[in-house]
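Here are some notes for a colleague who has the model open. Please read them with the coordinates on screen.

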Amino acid sequence: MPPISSPSVLDAIARADGIEVERQEALLKTGALQTAVLTSENFSIIATDEKGIIQLFNVGAERMLGYMAAEVVNKINPSDIHDPREVMARAKALSQELGTTITPGFEALAFKASRGIEDIYELTYICKDGSRFPAIVSITALRDDLGTIIGYLLIGTDNSARKQVEMALKEAMATAEKANQAKSDFLSSMSHELRTPLSAILGFAQLIESGTPQPTPSQKRSVDQILQAGWYLLDLINEILDLALIESGKLSLSLEPVSLAEVMRECETMIESQADKRGISVSFPVFNQPCFVSADRTRLKQVLINLLSNAIKYNTERGSVTLQCTDIIPERIRISVRDTGEGLAADQINQLFQPFNRLGQQATAEQGTGIGLVMTKRLVELMGGVIDVESVPGQGSMFWIEMNLTSEQQLSEQLADLAPALQAKGPTDPQARTVLYVEDNPANLMLVEDLIARRPDLRLLSARDGISGIAIARASLPDFILMDINLPGISGITALKILSEDPLTAHIPVVALSANAMPRDIEKGLEAGFFRYLTKPIKISAFMETLDLALAFSKIKPGLIATKEKAQ
């Protein structure tokens with residue numbers, strides 16, 4: 001055996017001393033960490049024995065709950081400082097979730113942890129002074145070396161701040177929602193109040209324009225000015241209301257497969273007159289095969305009409321407009337509108353989609369609201385598309401939109417069978433057919449009376465409120481009913497419901513004719529069961545077309561109902 005003073009023995013002793021020092025330092029560090037954890041005031045630490053009796057209650061628990069450790073250790077379990085109703089509710093919920101009976105009390109808190117299931121719950125702590133605060137608690141089972149549960153560890157944090165933030169956020173959202181609803185109600189009301197006088201102005205101006213005898217040249221110029229200003233004001237009202245709806249997130253779209261060929265034929269018809277007046281040639285693409293995009297049909301047509309109208313309006317004299325469709329990537333198509341106008345500079349393009357910014361065109365004779373392109377951009381984006389422009393000053397501009405392609409939507413057999421009948425242009429029965437108009441506004445009633453007077457095959461009945469309208473409908477069984485929405489007594493929608501539930505009148509098509517022209521008003525009316533929903537001011541051509549359509553439908557609907565009842 002080497003002497004103790006030998007170098008090898010001394011080195012071994014030194015190494016052992018170093019290891020022991022390191023071990024002591026580690027223990028001290030661990031002890032310091034444990035002490036720091038147990039004395040932390042930021043969270044409560046509660047340890048129990050296997051039966052749930054509290055054995056450790058740290059400084060954080062004392063601060064949060066107001067009890068001293070000596071008041072709770074070996075005396076109570078954690079469920080005693082929880083809201084008892086919440087503990088009972090947790091026991092009931094866990095019993096249903098786990099398919100076993102769990103008694104209220106500590107078992108309700110520790111059941112999952114005792115089964116090795118991670119458990120973090122949110123309940124209310126009750127302090128010594130009776131005050132309460134929401135807490136998030138994590139509970140873990142403590143086990144010995146053999147895996148036997150020897151106790152439970154509950155670590156809790158005060159959740160009051162987060163709850164206050166959540167409550168403030170909910171209140172803010174409720175306030176914002178209330179403000180949005182008030183804004184929507186105001187817009188709807190303003191739409192009705194502005195459209196009602198416009199309806200009379202434009203309606204009677206159209207009657208004068210197309211009446212017999214024809215107006216004199218001087219009168220014709222005056223009527224033209226009334227109509228031009230009236231339709232411009234109506235466009236302005238519509239665009240402002242639509243923009244407000246989009247900004248508030250209230251505009252609802254119905255995305256469905258839409259035939260580009262059909263929409264473009266409609267657009268071609270609608271802008272033909274404007275193009276002819278300015279000597280602008282407009283060319284549309286020819287579709288060799290069906291092409292459908294995912295869009296809201298009405299809004300897609302609105303987008304294309306706006307782009308085409310601008311291309312015509314701001315074109316050079318006897319210029320041209322070309323509309324093209326190009327497949328750019330699979331399932332995507334680009335629709336471009338190219339003009340031969342003056343073009344746009346880079347700084348103008350940067351300002352193009354700003355509301356009410358007409359890029360200096362307000363100094364010209366061309367009318368415009370400065371909202372159209374803003375609306376167009378928002379609508380395209382709501383339909384899942386994009387819009388952009390390319391322009392060279394002096395050479396013209398090309399506005400384009402990209403939309404998602406989709407497959408054709410098949411009509412049901414029933415709709416396909418009905419389509420030919422619904423396309424009939426008008427009744428052929430030589431006997432006069434009856435139209436009932438339920439309207440409380442004398443000016444609107446007078447306008448419709450003048451329109452119906454032009455049809456020798458029709459006679460008009462009228463009612464000033466919903467109740468009398470229902471009575472007249474039941475007594476005279478008209479072929480077709482026009483119904484205002486805002487009526488004295490009961491609304492037009494309520495009157496429609498009563499008529500549709502009465503077997504005597506259920507077959508009569510009812511068309512809404514209202515100044516409530518917000519998209520949600522129209523949607524609500526169609527959902528209620530109106531055959532069509534026309535808005536004021538009346539457009540005579542659309543009115544007459546709907547009149548013929550409803551009269552044609554009134555001929556075939558009783559037969560359809562009889563066939564259905566026979567089949568049943």
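Predicted model: local features only at pLDDT ≥ 70, side-chain atom pairs only at ≥ 80, totals over all residues.

1. Start with the second largest pocket. It holds about 230 Å³ of space. Its lining is made up of 13 residues. Closest to the centre are Phe 287, Gln 289, Cys 291, Asp 327 and Ile 333.

2. Pocket lining by element. Which strands each supply at least two residues of this lining? They are S9 (320-329) and S12 (396-406). S9 gives the most, with three residues.

3. Pocket lining by class. Nonpolar residues number nine in the lining of the second largest pocket.

4. Helix H14, buried side. H14 spans residues 466-476. Its buried residues are Gly 466, Gly 469, Ile 470 and Ala 473. They lie on the same side of H14, because they cover an arc of only 100 degrees around the axis.

5. Helix H14, other side. Ile 467 and Ala 475 sit on the other side of the helix. Both residues are exposed there.

6. Cover over H14. What covers the buried residues of this helix? The cover includes three strands: S13 (433-438), S14 (458-463) and S15 (480-483). Helix H15 (492-501) is also part of it.

7. Ends of H14. Asp 465 caps the N-terminal end. One of its side-chain oxygens lies 3.1 Å from the backbone nitrogen of Ile 467. That is within the 3.5 Å cut-off for a polar contact. After the helix comes Leu 477, with a positive phi near 45 degrees.

8. Asn 74. Check this backbone angle. Asn 74 is not a glycine, yet its phi is positive, at about 60 degrees. The residue lies in the loop between helix H3 (69-72) and helix H4 (84-98). Is Asn 74 buried or exposed? Its relative accessible area is 54%, so it counts as exposed, the cut-off being over 50%.

9. Glu 331. Here is another residue other than glycine with a positive phi, near 70 degrees. Glu 331 is placed in the loop between S9 and strand S10 (332-339). S9 is also the strand that gives the most residues to the lining of the second largest pocket. Glu 331 counts as exposed because its relative accessibility is 54%.

Key:
Residues numbered from 1 in each chain as written. Heavy atoms only, no water. 1 Å grid on protein atoms, 1.4 Å probe; cavity = no way out; pocket = protein on both sides within 12 Å on 5 of 7 lines; lining within 4 Å. Points joined across faces, edges and corners; volume = space filled by probe spheres on them. Helix = DSSP H or I, 4+ residues; strand = E, 2+ residues; numbered from the N terminus. Nonpolar A, V, L, I, M, F, W, Y, C, P; charged D, E, K, R; others polar. Buried < 20%, exposed > 50% of the residue type's maximum accessible area, 1.4 Å probe, protein only. Arc of directions from axis to C-beta. Contact = heavy atoms within 4.5 Å. Polar contact = N/O pair within 3.5 Å; in protein donor to acceptor, adjacent residues only side chain to side chain.
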